Amino acid sequence: METDESILTKCLFFTSNRLSNILRKKAEEAFKDLGIGVPYVYMLVVVNQYDGITQSELAEKLDIAPSTCTRFVERLVKEGILRKEFEWKTAHIFLTEEGKKVCRGIDESLLALHQSYCQPLGEVKALQLIRDIGAACEKLSGQE
């Protein structure tokens, strides 16, 4: 194994985790006024777009394990942000009025997050990076 630290800059796993950590901090800063954690923000974005989405569809769209999705949904139900309705054994997820209020602040927070990485990278480069990472995710997950 190389002992040169440049191995860290040549490793996609290390570099992508470093980027993830940097972006997580930026997201926490951008979303701090919403009163919910970063992972929950994206769940609310999806539920807001797909009113009545099933819990399994939600897990699939967020690319998280069904058990993680259940845990997240249960917490947001407990906080009065989401509600579940059952159709036989299938849980459908909806925003409550409180959830709709939270969602109204999400767009502004997403814009702040977008600006936090576009400012140092430049808009064109940031958007290209998003496309490249998205394409890499599709290829590496075997979905392309």
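Author: A helix here is a DSSP run of H or I with at least four residues, and a strand is a run of E with at least two, both numbered from the N terminus. The model is predicted, so local features need pLDDT of at least 70 and side-chain atom pairs pLDDT 80 or more, while totals for chains, interfaces and linings use all residues. Residues are numbered from 1 along each chain as its sequence is written, and side-chain values use heavy atoms, without hydrogens and water.

Reader: Which helix gives the most to the lining of the largest pocket?

Author: A pocket is an open set of points on a 1 Å grid over the protein atoms alone, where a 1.4 Å probe fits, with protein on both sides within 12 Å along at least five of seven lines; lining residues have an atom within 4 Å of a point. The largest pocket has 35 lining residues. Two or more of them come from each of helix 2 (12–31), helix 3 (38–49), helix 4 (55–62), helix 6 (97–121) and helix 7. The biggest contribution, ten residues, is from helix 2.

Reader: Which residues lie nearest the centre of the largest pocket?

Author: The lining of this pocket counts 35 residues. Those nearest its centre are Ser20, Leu23, Tyr42, Ile133 and Cys137.

Reader: How many residues does helix 2 give to the lining of the second largest pocket?

Author: Helix 2 and helix 7 each supply at least two residues of this lining. Among the lining residues are Leu12, Thr15, Ile133 and Leu140. The largest share comes from helix 2, and the number is seven residues.

Reader: How far apart are the end C-alpha atoms of helix 7?

Author: Helix 7 covers residues 123–140, which is 18 residues. The expected span is 1.5 Å times one less than the number of residues, so for helix 7 it should be 26 Å. The distance between the end C-alpha atoms agrees with this, at 26 Å.

Reader: Which residue with a positive phi follows helix 7?

Author: The phi in question is near 80°. The residue that follows helix 7 with this value is Gly142.

Reader: How many disulfides does a search of the whole structure find?

Author: A disulfide needs a pair of cysteine sulfur atoms within 2.5 Å. The cysteine sulfur closest to that of Cys11 is in Cys137, 15 Å away, so the two are too far apart for a bond. Cys137 is likewise in no disulfide, with the sulfur of Cys11 as its nearest. The number found is zero.

Reader: Is Cys137 buried, partly exposed or exposed?

Author: Buried means under 20% relative accessible area and exposed over 50%, with partly exposed in between (1.4 Å probe, protein chains only). Cys11, at 28%, counts as partly exposed. Cys137 has 45% relative accessibility, so it counts as partly exposed.
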